[in-house]
Amino acid sequence: MKDPDWPELYDRRSLAEVDSTNAEAMRLAPDLGAPTWIFATRQLAGRGRRGRAWSDPAGNFSASLLLYPKEAPQQAALRSFVASLALHDALSALAPEAALGLKWPNDVLLNDGKLAGILLEGSSLAGRMAYLVIGIGVNLMNAPAPAAGVAVPPRSLRDGAGVSVTPERFLAHLAAAYASREAQFVRDGFAPIRADWLARAARLGEQVTARTMQAEIVGRFETVDEDGNLVLFTAGGRQAIPAADVFFERGA
């Protein structure tokens with residue numbers, strides 16, 4: 001398979017080692033003006049959602065995309081779905097037989113195990129984003145040991161799909177896929193992104209558990225709404241959830 005060309009209007013910086021690609025992107029944000037991929041061969045202090053550590057064994061993928069959207073934070077945050085779809089596109093191209101799925105809010109699954117995660121961070125001023133950083137980690141070669149309380153176990157592309165891809169090659173595919181999905185988002189809005197995401201969603205129509213900081217909500221995964229909220233049909237009716245960890249039913 002021929003690898004895609006690097007997308008126009010996107011810069012890149014490659015590092016042998018860094019504490020966190022997200023942290024590096026935020027350090028560079030005031031001095032850069034163009035969308036830029038920050039790629040690291042090794043990430044020593046990666047992090048996930050809610051301050052969790054992100055383990056980064058050798059051979060896995062770590063990168064962050066620095067963007068300068070001028071939208072309100074709520075609109076900019078919908079790029080977690082843009083990034084999820086770009087990951088699915090890139091992985092599907094490299095491993096067409098892989099059983100992939102998208103897990104709300106920002107994970108890519110392989111055989112019901114966590115293959116990739118996304119972390120959005122940024123800064124806003126006067127109701128508009130100053131910059132947005134999309135951090136992406138993919139277990140290309142090695143799945144880290146599962147941490148206590150994780151919603152789904154880690155999975156690697158090599159072990160789960162029998163496909164070996166270097167991080168550098170994966171970056172080429174992901175950058176091209178993201179540029180295409182970003183153009184779609186800017187041109188057409190969230191509606192087609194939402195529809196494409198739902199078409200690839202894991203456990204749609206099934207019972208799941210959403211754990212927020214305050215409560216545990218059990219219900220049927222009905223949809224994702226126009227604001228990106230998880231919508232469950234619960235014993236008390238339809239409920240939209242803006243942030244939570246989602247757990248699947250055992251054996252489902």
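In what order do the 5 strands of the open antiparallel sheet run? Let's start there, and keep in mind that what we're looking at is a predicted model. The order is S11-S10-S9-S8-S12, and the pairing is antiparallel. At the edges you'll find strand S11, residues 237-241, and strand S12, residues 245-248; each has a single partner strand, so one side of each is left without a neighbour in the sheet. On average, neighbouring strands here are turned by 45° against each other, if you ignore direction.

Let's zoom in on one pair from that sheet. Strand S10, residues 230-234, pairs with S11 over 5 bridges, in the antiparallel sense.

For an example of a pair, S1 and strand S2, which covers residues 36-43, run in the parallel sense over 7 bridges. Within that pair, Leu15 has Ala40 in S2 as its bridge partner.

Now for the inside. As a bit of background, nonpolar side chains tend to be buried together in soluble globular proteins. So which residues touch the most other members of the largest nonpolar core? They are Trp37, Phe61, Ile136, Val138, Phe170, Tyr178 and Trp197, out of 65 residues in that core. Helix H3, residues 79-94, supplies the largest share, with 9 residues.

Leaving out neighbours within four places in sequence, Phe170 is in contact with Phe61, Leu87, Ala90, Leu91, Leu94, Val138, Leu140 and Val165. There's also a second, separate core of 8 residues, and Ala25, Leu28, Ile38 and Leu66 are among them.

Next, a helix pair. Helix H5 is residues 167-188 and helix H6 is residues 190-199; their axes come within 7 Å and cross at roughly 130°. That angle makes H5 oblique to H6. Who meets whom? From H5 we have Arg181, Gln184, Phe185 and Asp188, and they meet Phe190, Pro192, Ile193 and Asp196 in H6. Sorted by type, the residues of this contact come out as 4 nonpolar, 1 polar and 3 charged.

Against that, the peptide bond from Trp104 to Pro105 is cis, with omega near 5°. You'll find Pro105 in the loop between strand S4, 100-103, and strand S5, 107-110.

Then there are two positive phi values. Leu9, in the segment before strand S1, 11-18, has phi near 75°. Is Leu9 buried or exposed? Exposed, because its relative accessible area is 73%, and the cut-off for exposed is over 50%. Ala126 isn't a glycine either, yet its phi is positive at about 55°. Ala126 sits in the loop between strand S6, 113-125, and strand S7, 128-138, and at 77% relative accessibility it counts as exposed too.

How values were computed: Residues numbered from 1 in each chain as written. Predicted model: local features only at pLDDT ≥ 70, side-chain atom pairs only at ≥ 80, totals over all residues. Heavy atoms only, no water. Axes fitted to C-alpha atoms, helices over the stretch in contact; angles between N-to-C directions. Helix = DSSP H or I, 4+ residues; strand = E, 2+ residues; numbered from the N terminus. Parallel < 35°, antiparallel > 145°, perpendicular 65-115°, else oblique. Contact = heavy atoms within 4.5 Å. Nonpolar A, V, L, I, M, F, W, Y, C, P; charged D, E, K, R; others polar. Pairing = 2+ DSSP bridges. Core = buried A, V, L, I, M, F, W, Y, C linked by side-chain atoms within 4.5 Å. Buried < 20%, exposed > 50% of the residue type's maximum accessible area, 1.4 Å probe, protein only.
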